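The sequence and structure are shown first.

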Amino acid sequence: MPQVPQTLDASAVRAWCALALETLGRAREEIDAINVYPVADGDTGTNLYLTVESAAAAVEAVFAAHAAMSVVGDGAGSGTPPGGRVIEPPTLADAVRAMAHGALIGARGNSGTILAQLLRGMAQVLAADTGTGRTDGESLRLALRHASDAARQAVAHPVEGTVLTVASAAADAASGAEGDCAAVARAAYEGARAALAATPGQLAVLERAGVVDAGGRGLVAVLAALVETFTGRTPARAAVPVLASHARVVAADAGATALECADGGGPVETENGPAFEVIYLLEAEDAAVARLRDRLDALGDSLVVVGGDGLWNVHVHVDDAGAAVEAGVEAGRPHRIRITHFGPADAHTTGSTARPVRERAQRAVVAVVPGEGLAHLYAEAGATTVLARPGEPPASGELVEAVRRAHALEVVLLPNDAELRHTAAAAAEQARTEGVRVALIPTRSAVQGIAALAVHEPERRFDEDVVAMTSAAGATRYAEVEVAERQSWTMAGICQAGDILGLIEGDVAVIGSDVTATAEAVLDRMLAAGGEMVTLVLGDEAPATIAPHLETRVRESYLAVDTVVYRGGRQGSLLLIGVE
């Protein structure tokens, strides 16, 4: 048997993250399949996996940085730089802080956000135990208790029979354990496993569906990895409960699945809930976050706010996604905003009702959008969105994750940016290896995406739908108005920092000093070639009078041309223009 650590140090944290990722990878589909609370959207296993993946990557980055310091120090990798100072390996505090930060910025979904807070709670205790760079069973017991308490405080309305119950049971069991880290980890695992088996008796939705809590099942997997870290052995997998014995899954019709009780009861009752899941990272002060909690709690449910020290991860289910994002804007600086529309197959459940596990939708649209307003607009149209902040283009992994969240057999991908073509192509290729049929429409602007989404019809054949959407996007000329950041040579001449630039199809066509006048000149050039519909997407910093002025200009100067105006939020450009 390979040598295993007896205490918790940086290397043990690294091993734990890797093992947890491997364990969740094996259990992901199983956990997705039993996800019925709070929304039966079949993604808890995937969300937990992605959260731990981000935590593990952050820990690996810390080790890589220390290794690089060693190589740079003497050019040979001996660890001794000029002057004889030895580059020390990462400390326990380095590793657990990286783990917590990685989980925080990568948290996905309700359970992933709670897991991030559990890891953060552990890190706060373990990072403070800096005397030797390693810790023992006593500190691990304290860390598990603090983690459970912190997670409960992060949830607006804690519900028993969930991952919170399983975490509390793990901490209780660990508190009574004597011995080293292995003994404490084993006790926590056994306590969590027993609590997981009891969750159907605590939450009616689980009992009626005949499953244990999916988030709790994921936490048991993470704790099993902790046991394996210290013992080198995987706890008995067969003893981990998944399905309650009294329930069965039966086909309701060709396009859906219903859950029935084995005692002859009919399909479980269902109930509608909020239409959107909103998640974002938030840079804000503690006082502002306290006010944000109150406001979001009034807007929806499943509210979880985790983090601290100026950086937070916010998760909530609401009907008004725009209001949830605006609340974040008032509190601080939200970014990495993700808005997911719960489709007809998704079910929002309460403690007394249940919904069937979600089947894959036939078709979905995934789109990259440059602002919160457009994210809300696209989500209302049924698209799964990925927010692209100025200077923060999404990576292919984020697009792959969005395709997974869409949970469809067929996906139309709209990058809405010429520079994201290769990123989107890589994401599409990865999604295809996972069995999803993906069509990439090379939209170069969000207004082209709007045109494509307007003609999207999920009922028609996939190829026909893609052709129609591609044609609509290709028939839409696009432009934007922005402020020059520096002096530069352009197709229209030399611009100075602060000049107003009008770009048509990506090239500077107009240089001006007034936003409205520049926008009008751009619009006139575009309509000179004809058009039937003008789309204006206003950024937060666009003048309040620009939309009425341009609407009047179109109405008075161009016959039979309609204008529609949207608010894009903080989208980078002052104005986006589309002409169909």
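The points below go from the whole chain to its cores, its spaces and selected residues.

The structure is a predicted model, in which local features need pLDDT of at least 70 and side-chain atom pairs count only at pLDDT 80 or more, while totals for chains, interfaces and linings use all residues. Residues are numbered from 1 along each chain as its sequence is written, and side-chain values use heavy atoms, with hydrogens and water left out.

**Overall composition**

- The protein chain contains 18 helices and 20 strands; helices (H or I, at least four residues) and strands (E, at least two) are DSSP runs, numbered from the N terminus.
- Of its 580 residues, 55% count as buried, where buried means under 20% relative accessible area, exposed over 50%, and partly exposed in between (1.4 Å probe, protein chains only).
- Among contacts in the chain with a separation of 6 or more, 71% join residues 24 or more positions apart; a contact means heavy atoms within 4.5 Å.
- The chain exposes about 23,900 Å², and carbon and sulfur atoms supply 52% of this area; accessible areas come from the Shrake-Rupley method with a 1.4 Å probe, and for residues only the protein chains shown count as cover.

**Nonpolar cores**

- The largest nonpolar core has 87 residues, of which Leu8, Val13, Trp16, Met99 and Phe230 touch the most other members.
- A second, separate core has 47 residues, including Val316, Ala331, Leu387 and Val537.
- A nonpolar core is a set of buried Ala, Val, Leu, Ile, Met, Phe, Trp, Tyr and Cys residues joined through side-chain atoms within 4.5 Å.

**Cavities**

- Six cavities of 30 Å³ or more are found in a search of the whole structure.
- On a 1 Å grid over the protein atoms alone, a cavity is a set of points where a 1.4 Å probe fits but cannot get out, and a pocket is an open set with protein on both sides within 12 Å along at least five of seven lines; lining residues have an atom within 4 Å of a point.
- Grid points are joined across faces, edges and corners, and a volume is the space filled by probe spheres set on the points.
- The largest cavity holds about 120 Å³ of space. Its lining comprises 13 residues, with Leu118, Met122, Leu144, Leu219 and Leu223 nearest the centre. Two or more lining residues come from each of α4 (109-128), α5 (137-154), α6 (163-175) and α9 (214-231), and α4 supplies the largest share, four residues.
- By class, this lining has twelve nonpolar, one polar and no charged residues; Ala, Val, Leu, Ile, Met, Phe, Trp, Tyr, Cys and Pro count as nonpolar, Asp, Glu, Lys and Arg as charged, and the others, Gly among them, as polar.
- The second largest cavity holds about 100 Å³. Of its 14 lining residues, Pro38, Asp41, Asp43, Thr44 and Asn110 lie nearest the centre. The elements giving two or more residues to this lining are α2 (44-74), α4 and β7 (311-318), with the largest share, three residues, from α4.
- The lining of the second largest cavity has three nonpolar, eight polar and three charged residues.

**Largest pocket**

- About 1,400 Å³ of space lies in the largest pocket, which is lined by 46 residues; Glu480, Glu482, Gln571, Gly572 and Ser573 lie nearest its centre.
- Two or more lining residues come from each of β9 (361-369), β13 (477-483), β14 (488-490) and β16 (500-504), and β13 gives the most, five residues.
- The pocket lining divides into 22 nonpolar, eleven polar and 13 charged residues.

**Selected residues and helix α15**

- Arginine 120 lies in helix α4 and is buried, with a relative accessible area of 15%. Beyond its neighbours within four places in sequence, arginine 120 contacts Ala100, Gly307, Gly308 and Asp309.
- Arginine 145, in helix α5, is partly exposed at 25% relative accessibility. Leaving out residues up to four places away in sequence, arginine 145 touches Ser168, Ala171, Asp172 and Ser175.
- The C-alpha atoms of arginine 145 and methionine 122 are separated by 8.2 Å, and the two residues are 23 residues apart along the chain.
- Threonine 162 lies in the loop between α5 and α6 and is buried at 9% relative accessible area. Apart from neighbours within four places in sequence, threonine 162 is in contact with Tyr37, Leu203 and Asp213.
- Helix α15 (residues 446-454) is largely enclosed by the rest of the structure, because eight of its nine residues are buried; among them are Val447, Ile450 and Leu453.
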